[in-house]
Amino acid sequence: MAGGRAGRPAKKKGPTKGTGGQKRRSLEGKGATPPAEMRHWYKDKARTERIAREDRGGVRKPAPARQRRAEDAPEHIGGRNPVLEALLAGVPATALYVAQRIDNDDRVRDSIKIAAERGIALLEVTRDKLDRLTDGAVHQGLALQIPAYDYAHPAELVELAREADESPLIVALDGVTDPRNLGAIARSATAFGAHGLLIPARRSAGVTGGAWKTSAGTLANLRVARAANLTAALREYREEGLFVIGLDGEATVDLENAGLLTEPLVVVIGSEGKGLSRLVREHCDALVRIPMHAAAESLNAGVAAGVALYEVARHRRH
């Protein structure tokens, strides 16, 4: 036996100097599996799904609230059909925005062709840019920029009728705040021969991209005037010899029996919820109602305007 060490247990070898506990840390793992939105492929997948929904005309989440738009800022119409209809109707436009790698169809090609023929700038942008321009509305990769609307003076609407040697027919809106209703009313007003729309400067929808879109381009052929005070403008119209009738669901006279429909006329449409304001009611020569079944409490402002203007046009033809 050499050195007398036979049969003794070997000494335990300690950690090597400088390892720093690497083996211990290697056993800790990499933590919980990250959620999908933190993985590298998520943004591309989400973008692809968003584009597919948009091209199918699906509903999108509303864009975050933005600061109030300046009155002289341009408006934007989004969507392939609305853009093409606006271009065909001759809506004044300054730029056509087209999404990068857009899936072309006849509407896109026709829109680009018309814009080029009219000298409208063609700009290729990202879909995120289009989202911002259209306030998160469904644009299908296409948006048309139109300049801020140049409102007429209320007196100009009467002058237009006199220049055409026609009895004035003006539609005034009281408390209509949805641009889509304004666009729908503009469409009916154009169809039944009105000479213009009158809106108040405050607490009212204006000629925005949404109004242009709903009007299907008819706002290009119908003047819209804006009054600082609606009741004062109605009073001035009465002094000019026009009669003012207001649509009121609680009125006792049916529209067809008003007796004023062939006269120089202002038809006032109130909001769907509140109807006509007290001051506007006081400035009307007559309050009339559209007869309907009791099951329907009221009509949408755009529908009510269409029915009333049809009745006025029918009386004037006879």
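1. Basis. The model is predicted: local features need pLDDT of at least 70, side-chain atom pairs count only at pLDDT 80 or more, and totals for chains, interfaces and linings use all residues. Residues are numbered from 1 along each chain as its sequence is written, and side-chain values use heavy atoms, with hydrogens and water left out.

2. Sheet. Seven strands form an open sheet with parallel pairing, in the order β7-β6-β5-β10-β8-β11-β9. Strands are DSSP E runs of at least two residues, helices H or I runs of at least four, numbered from the N terminus. Two strands pair if DSSP finds at least two bridges between them. β7 and β9 (253–254) are the edges; each has a single partner strand, so one side of each lacks a neighbour in the sheet.

3. Helices on the sheet. α7 (179–191) touches β5 (169–174) and β6 (196–200), at about 155° to the direction of β6. α11 (301–317) touches β5, β8 and β10 (265–270), at about 160° to the direction of β10. Contact means heavy atoms within 4.5 Å. Axes are lines fitted to C-alpha atoms, for helices over the stretch in contact; angles run from 0 to 180 degrees between N-to-C directions.

4. Aromatic cluster. Ring pairs link Tyr-149, Tyr-151 and Trp-212. Rings of Phe, Tyr and Trp (its six-membered ring) pair with centres within 6.5 Å; planes under 30 degrees apart are stacked, over 60 edge-to-face, the rest tilted. Tyr-149 and Tyr-151 are edge-to-face, 4.9 Å centre to centre, with 70° between the planes.

5. Loop residue. Thr-218 lies between α8 (209–215) and β7 (224–227). Leaving aside neighbours within four places in sequence, Thr-218 contacts Ala-186, Arg-187 and Thr-190.
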